[in-house]
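Keep the sequence and the 3D view at hand as you go.

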Amino acid sequence: MFHDVLRAANGTAVLPLDAPMICIDRTRTKTVGIFQGENPLHFPTPVLIAQLASSSLITALLQLLLAPVGQTVFVCQMLGGFLLGPQALGRYLTFLQSIYRVKSLYVLNTVSFFACALFLFLIGVKTDIRLLAASGRKAIVIGACTFFVPLILNMSVALTVMACVKLEPQVRMSLHFVATLQSASSFYVVASQLEDLKMLTSELGRLALSSSLISGTLSWCWVIFSFATSERHENQVKGVVMGTVLCTLAFMFIVTYVLRPIFQWLIIRVKTTRGVKEGHMFIIYTSVLGLALFGESMGLNFLFGPMIVGIIVPVGPPLGSAVVEKLDTMVSILLLPMFYSIGLTVVNLPSISAVNVGVIELVVLTGFFGKVVGAMVPCVLSKMPVADALSLGLILATQGITDVLMLLRAMNGNLLDMESYSILFVSMLITSGIATPVVRRLYKPPDRYISYKRRTIQHSKPEVELRMVACVYNHDNSPSIINLLELSNPHVQSTICVYLLHLMQQTGSASTLLYAHSRRADNTTMLHAPHMSDPVINAFRKYESRKGGIVLVNAYTAVSPFVTMHEDVCNLALGKRASIIIVPFHKQVSMANEIASAPSVRSVNLNILRAAPCSVAILIDRGTRCGGGSFHVMSSEASAKYKVGVFFLGGQDDREALSYAMRMGENPDFSVTVIHFLGGDRNTSKPGVEKRQDVSLTSEFRLSCKIKHQNTYREEISSGSVEVVAKIRTVENHFDMILVGRRHSTESHLLDGLHEWNEYPELGYIGDMLASTDTSCRASVLVIQQQTFLGDEDVLDSPKHQSERESSTVPKYQAERESSAIDMPRDDARVWPGLNRSV
């Protein structure tokens with residue numbers, strides 16, 4: 001009887017005449033309190049609050065427990081619905097009569113579908129349909145195969161089963177629509193899955209997004225057509241399909257010629273007023289509710305309107321991101337779990353028969369494997385590794401919130417019986433729970449960035465162009481990076497090609513973006529607020545034009561979450577064969593010791609250090625030129641004898657820092673001083689490989705000092721870390737820029753004991769000491785880590801553990817896989833970027 005009442009509340013069933021009558025007090029909705037002798041749970045308002053709280057709390061607890069084992073938010077929400085349903089807590093009469101009283105189900109159902117409408121609106125806002133035009137041929141083929149292959153297989157299996165197996169009438173009627181639903185997919189579900197897997201910015205993730213947008217578009221068109229032609233009532237006339245088509249055309253006319261111009265006007269107003277006002281949000285919310293009412297009145301589902309309105313809202317900042325920021329947390333965390341509770345309270349496992357389970361599961365597995373095979377075959381034919389192709393197939397076969405919506409809509413329209421509905425829900429939970437951990441096991445993105453070639457400054461030839469990836473988080477980083485480029489001594493014999501990457505946090509969109517800016521003034525093709533990158537790019541363009549051809553700047557903008565932002569940086573460095581990546585320190589430190597910290601930026605820097613396919617330099621800018629603030633862009637006329645210091649203790653990172661300083665020292669306007677710290681007890685035993693390489697490089701620099709008299713080399717004998725720190729403190733303010741390696745030689749014991757004071761491991765011992773706010777150092781600092789190979793795991797360990805690792809492991813080299821490391825066509829010794837758009 002409980003399930004019959006629930007279906008009646010949902011509008012999918014009519015109670016028999018002899019059913020008990022339920023009387024509801026319509027005069028009062030809230031209690032006067034327990035002290036007046038009333039039970040708060042007998043009134044709609046407290047019950048609704050309790051339902052919201054219980055569903056949100058259980059979902060949050062499940063996320064806390066299951067996230068460490070790799071389960072997604074969707075699986076946790078589904079399990080939360082099961083726990084609140086009649087299969088778990090709903091079996092207890094006390095809980096059922098307290099929280100999910102029968103007379104509260106009508107209110108709960110209304111609120112949950114309102115939450116669903118808002119959620120679909122947010123899906124539309126986060127979906128950028130213009131990415132369809134940017135999809136490559138590979139993504140189009142994969143997306144089409146992911147839709148048509150399971151559809152054909154499912155329909156074939158369904159027709160065969162209906163012809164050969166005797167089924168119950170309700171199951172037989174539902175089987176055709178089960179085949180349709182199991183062949184559908186959704187862009188938002190795939191995007192959410194990739195976000196949980198931290199794969200949004202990976203090459204495989206972008207291919208999955210592009211493919212899912214194609215398959216999702218085909219799926220929604222097919223499902224909408226199926227709903228329109230399948231939903232029949234006895235009192236409907238034969239022309240229902242034509243009426244639905246006419247209403248849909250009227251609906252699209254309103255959206256295209258009324259709402260779209262209004263939203264374009266809103267964008268202009270937002271730019272003029274420099275912010276999204278309450279009036280702007282009021283217009284958007286009113287449009288959502290108005291179109292939902294229009295669609296429901298014209299016979300279309302009320303959920304159709306909000307998603308269409310969301311799609312026409314311009315994605316990303318300023319308008320789209322503001323809408324997502326205001327609604328996303330409330331809808332996703334508070335309201336949506338209650339929707340799952342409604343969807344899963346009607347699941348009735350005891351009513352399922354073994355024969356029907358076998359038939360429905362056959363169609364479900366056929367659709368699942370059809371999606372996997374449809375995605376894998378084009379990938380394997382295009383020489384993609386089988387493991388990656390399987391990962392892509394599992395991602396595209398994943399089901400989520402939109403599949404739940406379609407199941408509920410089908411059941412409400414009497415297209416699915418309750419037994420088929422229950423089987424599909426359980427199948428959805430099982431397949432989603434298994435697929436995600438398998439993908440985590442198969443796909444290991446850090447291995448993609450391991451290069452088998454040396455990509456360092458030390459191993460770069462002097463007469464060859466130096467390629468650098470310069471990362472900028474905001475406009476304040478531009479002057480310091482430009483000054484570092486000037487210090488890098490570009491000249492005719494060794495030009496510098498800079499791949500400028502403006503890193504922006506993803507907001508208001510489900511898709512990530514890596515965009516190459518053309519040299520034309522027109523950037524209107526960019527999908528995410530081009531004006532936000534213009535100040536950064538213009539500063540570097542001006543510097544490029546002033547250098548007269550010896551510096552080339554190729555500008556990119558990456559829009560992605562902070563947790564996967566490093567993948568854009570590493571992919572670009574690997575594809576362009578860069579020798580070094582330059583990133584700003586997450587703390588902006590001025591001469592007045594004013595600090596602006598960004599912890600999210602630090603996490604990006606840490607991930608870059610772990611995965612980079614080349615050397616990495618972290619720049620701590622103290623504005624040591626021309627007073628406080630970021631120091632001005634230098635020129636050869638204004639930068640006479642800019643003083644650069646190198647603190648050398650030995651090791652591959654110190655050698656990389658010295659090699660970079662030697663390049664700077666080629667310019668007569670810069671003076672380089674290398675201070676080589678040596679232990680007091682000179683070891684007379686045969687030197688190791690590290691020591692011999694240190695001696696070779698320092699000897700080369702000492703020899704160059706005889707020709708370039710502005711450069712100096714000196715040795716400092718120290719007996720321990722205390723003396724090293726003291727000597728550094730005495731000379732640190734003699735320089736404008738200090739270069740130091742992050743890790744140091746394992747044969748040296750000069751830094752023993754400093755690991756207890758290492759606040760920022762990404763800077764190493766010396767870099768951390770120089771960057772500390774307690775220091776009196778006024779020089780800018782560049783901390784360098786040389787390219788790390790596959791054998792050097794956990795590169796952010798304290799340097800005292802390096803000797804243990806290096807004695808037990810040998811660096812392994814792995815060929816670059818799936819990288820586009822192809823030299824660009826050259827014109828006048830310059831590398832020009834193609835207009836590539838990755839989605």
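**Exercise 1. Find the extent of the accessible surface and the carbon and sulfur share of it.**

Solution. The accessible surface of the protein is about 36100 Å². Carbon and sulfur atoms hold 61% of that surface. Areas come from the Shrake-Rupley method with a 1.4 Å probe, and for residues only the protein chains shown count as cover.

Before going on, note the ground rules. This is a predicted model, in which local features need pLDDT of at least 70 and side-chain atom pairs count only at pLDDT 80 or more, while totals for chains, interfaces and linings use all residues. Residues are numbered from 1 along each chain as its sequence is written, and side-chain values use heavy atoms, with hydrogens and water left out.

**Exercise 2. State what percentage of the residues is buried, and count the helices and strands.**

Solution. Step one: the protein has 839 residues, and 56% of them are buried. Buried means under 20% relative accessible area, exposed over 50%, and partly exposed in between (1.4 Å probe, protein chains only). Step two: there are 27 helices and 16 strands. These are DSSP runs, numbered from the N terminus (helices: H or I, at least four residues; strands: E, at least two).

**Exercise 3. Describe the largest nonpolar core.**

Solution. A nonpolar core is a set of buried Ala, Val, Leu, Ile, Met, Phe, Trp, Tyr and Cys residues joined through side-chain atoms within 4.5 Å. The largest has 80 residues. Met78, Phe121, Leu175, Phe339 and Val404 have the most contacts inside it. Helix α5 (residues 105-126) gives the largest share, 10 residues. Apart from this core lies another, of 54 residues, including Leu501 and Cys614.

**Exercise 4. Look at helix α22 (residues 599-611): compare its span with the expected one, then find what covers its buried residues.**

Solution. The helix has 13 residues. From first C-alpha to last it reaches 19 Å, close to the 18 Å expected at 1.5 Å a residue. The expected span is 1.5 Å times one less than the number of residues. Its buried residues include Val604, Leu606 and Ile608. Among the elements covering the buried residues of α22 are β8 (615-620) and β13 (780-785).

Technical notes: Contact = heavy atoms within 4.5 Å.
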